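Work through each task before reading its solution.

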Amino acid sequence: MGAYDCSIFPVKDALEMIIIFDRTGKISYANDAADRKLEYGGELCGRSICDVFANDFKSAENGFETEYPFGHEPKNLVAYRRNLTCFPVEARIVSSETEPDIYICMANDIHEKEYLSREIAQVKQDAEQAMKVKSEFVANVTHELRTPVNGVLGNVRELLDRELDEQTEKSLQLIERCCGDMNKIINNILDFSKLEAGKFTLEPRRFHFRNMMDYVKGQHINKITEKGLTFFMTVSPQIPEYVIGDELRIVQVLNNLLSNALKFTAVGKVTVEVLKTAQVNDKIELFFLVIDTGIGIDKSDEDKLFQSFSQVDASISRKYGGTGLGLNICKQLVELMGGRIGVESQTGKGSAFSFSIWVGVSGEEEEVSQKMDVVAQNLLGNEDEGDIRRYGTPENMDALKRNLSKLILCVEMDNWEKAEMFMDTVKQLTEGAPREIGRVMLRLKMAIQKANYDKVIAEYEELQTFL
């Protein structure tokens, strides 16, 4: 059979190897790339394809035998040079459309690609190994640090039980507080290392939600009131008594946010609020707000808050302490629980941290939640509860406008506590409203809790456009 006419197949200068052979395996054409890479010095034509792909093409009486699946799907083969050294290629071998007994092989040398893949795999393996070693080192060091810290703490507490003079007692109390702070730092470093290594797992279980919130309140109320601050905590009646989630990690996030609120607030109040904002089958979304009237944060610095080992500026770390890990850990924990965390703040006027999580709820708890909805309706008074509670009815809109008017009047009179009372009623009247209104309501409530007149008026006007 004569050589295949390549004039209709201009591939002489192609970068990939092009080899044309017939049903006997005899090569009738090889472009420059094939001749150069296979090192035949222009003598590849006339040779057998079995010489090039010795592993996959075997000589036979009628030509060649192969299990290679001809077609346009690329397959990995091994190509042999004239000196019998070899290299990997990615090849496609197809039958000619005009001459069925003619085959066209297009192959790319992937030797460099495979080398780079191995290098990348090795780098990845080395990085994973380094991360593992680092994580194990951090875990070991933190556990080792706990032993002496807890030893000191135990002895200090034993001494505090004795009768002491005032100066000694103050010194021991300072040591006790420092040991507690050290344990918190150790726990943060250990959690951060687990999160970074991807070894952190949640442990969801059924727990009493309001008991958990009471526990959080009990941990902080004394410290907050001792500082002369007011502490408010409200939990929406729509939240079931029992939910399914990782109670320990929810408490950890709340404790971190409340500790920061206490740390950065000298005058005013700290407020915690929890709302049920959505439900999908047996999962509900809980929305937490932690609001303070502290030093606040500049808008340009808000992004730094959730980065690891980051403080807004060095003076914050010097004055208030901390590793800069707490909020980063909170962010990762919240995301593991299916939610997100954010902050709204203004320098000198306080901060409002918010985060959402998804928790499970059983049928029994959902029935309790529905009963609590009825209780919440009763708080609206003795009017026709069905119509006034149903968002969008004439009765509902009339009650909503009346309460909003009273709310704004309280704001104008600088009576913020009374404004918060009317805000609670307005919130109940807008249950079931479109999501856009729900978001405005949250912002309006946050503005009232922070006693921010301009923000209240802006959110009120936006709410009016929806109504």
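A salt bridge here is a side-chain nitrogen of Lys or Arg within 4 Å of a carboxyl oxygen of Asp or Glu. The model is a predicted one, and by this rule the count comes to 19 salt bridges.

**Exercise 1.** Find which parts of the chain are tied together by the salt bridge between Arg-23 and Asp-101.

*Solution.* Begin with the distance: the closest N and O atoms of Arg-23 and Asp-101 are 3.6 Å apart, and the cut-off is 4 Å. Next, place the residues: Arg-23 sits in the loop between strand 1 (17-22) and strand 2 (27-30), while Asp-101 sits in the loop between strand 6 (86-95) and strand 7 (102-109), so the pair joins parts that are 78 residues apart in sequence. Finally, consider accessibility: Arg-23 is partly exposed at 46% relative accessible area, and Asp-101 is partly exposed at 36%.

**Exercise 2.** Determine how Glu-166 and Lys-170 are placed in helix 4, and classify the accessibility of Glu-166 and of Lys-170.

*Solution.* The side chains of Glu-166 and Lys-170 form a salt bridge with an N to O distance of 3.5 Å. Both belong to helix 4 (residues 166-196), where they are four residues apart and thus separated by about one helical turn. Since exposed means over 50% relative accessible area, Glu-166 at 57% counts as exposed, whereas Lys-170 at 48% counts as partly exposed.

**Exercise 3.** Identify which residues are linked with Arg-443 in a network of salt bridges.

*Solution.* The network links Arg-443 with Lys-455, Glu-459 and Glu-462.

Note on methods: Residues are numbered from 1 along each chain as its sequence is written. This is a predicted model: local features need pLDDT of at least 70, side-chain atom pairs count only at pLDDT 80 or more; totals for chains, interfaces and linings use all residues. Side-chain values use heavy atoms; hydrogens and water are left out. Helices (H or I, at least four residues) and strands (E, at least two) are DSSP runs, numbered from the N terminus. Buried means under 20% relative accessible area, exposed over 50%, partly exposed in between (1.4 Å probe, protein chains only).
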